[in-house]
Amino acid sequence: MKVSIITMTTTYNYGATLQAYALQEFVKKLGCKCDIIDHMSAPEKHRKIKLTDFSRENIKKIPYKFMLERGYRRFEDFYDQHMNMTERYAHIEDLYTNPPQSDIFISGSDQVWNYKDAKLDRFLLDFVPNEKTKISYAASMGNPTLPEDKKERYIKSLSRFNAISVREQEACNMIQPLTDQKVNVHCDPAFLLNVDEWRTLENPVVGLNKDEYILCYLLHTPSWFNKWIDNLRKKTSKKIVFIGLNGYRPINCDVFVRDAGPKEFLWLIDNAAMVVSSSFHGNVFSIIFGKILVSMPDIKRPDRIRNLLRMFGEENREVYDIDDNYNSLSIDCVKVDNVVKEEQQRSRIYLQSIFQTQSK
């Protein structure tokens, strides 16, 4: 049986790449052939920083051109080595006229059902022929509410789905009234692989040693963060390491890792003395590796991270103000392992029931 996954891929985003890989590997464990639809890239393979592009964003990156491009190549190498990508659909029309020849199509995970995304049609599997099986796995809405004028769009597409799974309870609450089917809630795909499986992928970052640094991975940076991290540096005597494919320097750090691919990202989290992150998947992998985690969700949109921490009973990891206390204890790996095993079994039952029905 052949399964094709459509999700956020080839975006040079650590979480998006690794969750796609995890879902691919879990589907393969269930005995299916699996590929990931390559639908978000331009025709050229490697991203380049053009020295003739004088946009404000590009000017910041030009001084770090070779380092940043090394990071991009590490992403592409990860796709080549570990992800079974389809042919590249550089134009969305090609996906509609010549979709992969698969029995089952899965949409998810990550924010694939965000109503603001211009790519929503493909994530709602509108390109899939009606006779094919269409399901979602841990699809996230990315927003706490769904406007009334957007609901009909979801009603139409979801009526063609054979099974529906979302990542957050809030998404379930939004989607359930729009369909007669049961809407299931499942964990992010990153939890479908065990910690030892993730460690087989790691690649060390030269110049850094285990437990000598605090890793900062921030998609949202509070205005007071630099003062806060300076105080933490003095208190712990640890190096402050920042990771990101950026040209600017958003925080006061000792080391800025601009060329990390997915494998380096995993190593940096696993070997950090502490992780400070406002990223959903920064939080996810900190939990998987049992780190001391300081979680800094965007105060305007905290729901996704808050739900994640609640799943593991770690709500006291959240920090929203410079004066907030943080939990200085490592996450309980035994507790995490117990929750993950339950979530993996629930996901296995959900997917196996669909695969077994299709194979009859």
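Start with the whole. This is a predicted model. For 360 residues, a compact globule would have a radius of gyration near 21 Å, and the protein has 20 Å, which agrees. Along the principal axes, the C-alpha atoms fill a box of roughly 60 × 50 × 40 Å. The protein contains 13 helices and 12 strands. Of its 360 residues, 55% are buried. The exposed surface comes to about 15900 Å². Carbon and sulfur atoms supply 48% of that area.

Take the contacts between residues at least 6 apart in sequence. Of these, 73% join residues at least 24 apart.

Now the helix. α9 covers residues 225-236, which makes 12 residues. From its first C-alpha to its last, α9 reaches 16 Å. That is close to the 16 Å expected at 1.5 Å a residue.

Which residues of α9 are buried? They are Phe225, Trp228, Ile229 and Leu232. Look down the axis of α9: the buried residues fall within an arc of 90°, so they line one face of the helix.

Turn to the face directed away from that buried side. There, α9 carries the exposed residues Lys227 and Lys234.

What do the buried residues of α9 pack against? Four strands take part: β8 (213-217), β9 (239-243), β11 (274-277) and β12 (293-295).

Next, the end of the helix. Ser237 follows α9. The phi of Ser237 is positive, near 60°.

One of the strands leads to another residue worth a look. Ser278 lies in the loop between β11 and α11 (280-288). Is Ser278 buried or exposed? Its relative accessibility is 8%, and buried means under 20%, so Ser278 counts as buried.

The side chain of Ser278 reaches the backbone oxygen of His220 at 2.8 Å. Leaving aside residues up to four places away in sequence, Ser278 also touches other residues, including Tyr217, Leu218 and Leu219. Asn283, Met296 and Ile305 are among its contacts as well.

To recap the helix: one face of α9 is lined by its buried residues. Those residues pack against β8, β9, β11 and β12. The face turned away from them carries Lys227 and Lys234, both exposed.

Definitions and conventions. Residues are numbered from 1 along each chain as its sequence is written. This is a predicted model: local features need pLDDT of at least 70, side-chain atom pairs count only at pLDDT 80 or more; totals for chains, interfaces and linings use all residues. Side-chain values use heavy atoms; hydrogens and water are left out. Helices (H or I, at least four residues) and strands (E, at least two) are DSSP runs, numbered from the N terminus. The expected span of a helix is 1.5 Å times one less than its number of residues. Buried means under 20% relative accessible area, exposed over 50%, partly exposed in between (1.4 Å probe, protein chains only). The arc is that of the directions from the helix axis to the C-beta atoms. Contact means heavy atoms within 4.5 Å. The radius of gyration is taken over C-alpha atoms; the globule rule is 2.2 Å times the number of residues to the power 0.38. Accessible areas come from the Shrake-Rupley method with a 1.4 Å probe; for residues, only the protein chains shown count as cover. A polar contact is a pair of N or O atoms within 3.5 Å; within protein, one must be able to donate a hydrogen and the other to accept it, and residues adjacent in sequence count only if both atoms are side-chain atoms.
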